[in-house]
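Please look over the model below before reading on.

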Amino acid sequence: SAVRAYTACLRLDPDSEAAHQNVAQVFDDLGNRTASRAHYAEWARLQPKSAQAKKALAMSYLWADASHVQEGSMLCDEATRLSPHDPSVPYDCAQSLVLLLPPMQESQLLDDQVSCESGAADTCERADGSSAHWMTHIEPKFRLAQRTAFETWRGGP
């Protein structure tokens, strides 16, 4: 199997970035999130300036469950800083936050809730926590992806 082949490769060369990347993807495809995250983390450690490695590690946290949204979101931000001219990094992160994390799950984990200011009903958090979730994790990433895409389209910042 592919897992055996990559783990045999890693026994010969434990610092093989490609083997960690590939076995992480295989474990991901098999649904073994714990094993995939360990290899994504090792890939990111071996390639600390790789936006793709950071983004893959971020996705492994986001795919895990709602209790890892903070780690995943922070890793997405790191990946974006590593590749500031690639709009796909913040876009993919924002899209994953929308698709993978229902706001209700995160709102149950948040200690600090956004409070409503008098006369500012449009900034009030809904009971399911969706406004705080959107404003904290998703909107900034979508805006950055949009800005980066426009800058790239126009030929640079």
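This is a predicted model: local features need pLDDT of at least 70, side-chain atom pairs count only at pLDDT 80 or more; totals for chains, interfaces and linings use all residues.

Residues are numbered from 1 along each chain as its sequence is written, and side-chain values use heavy atoms, with hydrogens and water left out.

The protein has eight helices and zero strands; here helices (H or I, at least four residues) and strands (E, at least two) are DSSP runs, numbered from the N terminus. Along the sequence the pattern reads α-α-α-α-α-α-α-α. Of the 157 residues, 39% are buried, where buried means under 20% relative accessible area, exposed over 50%, and partly exposed in between (1.4 Å probe, protein chains only). Among contacts between residues at least 6 apart in sequence, 54% join residues at least 24 apart, with contact taken as heavy atoms within 4.5 Å.

The helix pairs come next. Two packed helices are described by the angle between their axes and the distance between the axes. The axes are lines fitted to C-alpha atoms, for helices over the stretch in contact, and the angles run from 0 to 180 degrees between N-to-C directions.

Start with helix α1 (residues 2–12) and α2, whose axes come within 9 Å and cross at roughly 155°. The two helices are therefore roughly antiparallel to each other; angles over 145 degrees count as roughly antiparallel, under 35 as roughly parallel, 65 to 115 as roughly perpendicular and the rest as oblique. The crossing of α1 and α2 is left-handed, a term used if the near helix is turned anticlockwise from the far one by less than a right angle, with clockwise giving right-handed. From α1, the residues A2, V3, Y6, T7, C9 and L10 meet A19, H20, N22, V23, V26, F27 and L30 of α2. By class, this contact of α1 with α2 divides into 10 nonpolar, three polar and no charged residues. In this scheme Ala, Val, Leu, Ile, Met, Phe, Trp, Tyr, Cys and Pro are nonpolar, Asp, Glu, Lys and Arg are charged, and the others, Gly among them, are polar.

Helix α2 (residues 17–30) also packs against helix α3 (residues 33–46), with axes that come within 8 Å and cross at roughly 155°. That makes α2 roughly antiparallel to α3, and their crossing is left-handed. On the α2 side the contact is made by E17, H20, Q21, V23, A24, Q25, F27 and D28, and on the α3 side by R33, A35, S36, H39, Y40, E42, W43 and L46. The contact of α2 with α3 has seven nonpolar, five polar and four charged residues.

H20 and W43 are 23 residues apart in sequence, and their C-alpha atoms are 5.6 Å apart in space. With a relative accessible area of 7%, H20 is buried.

The contact is made by A51, K54, K55, L57, A58, M59, Y61 and L62 of α4 and by V69, E71, G72, S73, L75, C76, E78, A79 and L82 of α5. The contact of α4 with α5 has 11 nonpolar, two polar and four charged residues.

K55 lies in helix α4 (residues 51–64). Is K55 buried or exposed? At 11% relative accessibility, K55 counts as buried. Apart from neighbours within four places in sequence, K55 is in contact with A79, S88, V89, D92 and C93. K55 and A44 are 11 residues apart in sequence and 9.0 Å apart in space, C-alpha to C-alpha.

L82 lies in helix α5 and, at 34% relative accessibility, counts as partly exposed. Not counting residues up to four places away in sequence, L82 touches P48, K49, S50, A51 and K54. The C-alpha atoms of L82 and S50 are separated by 6.8 Å, the two residues being 32 residues apart along the chain.
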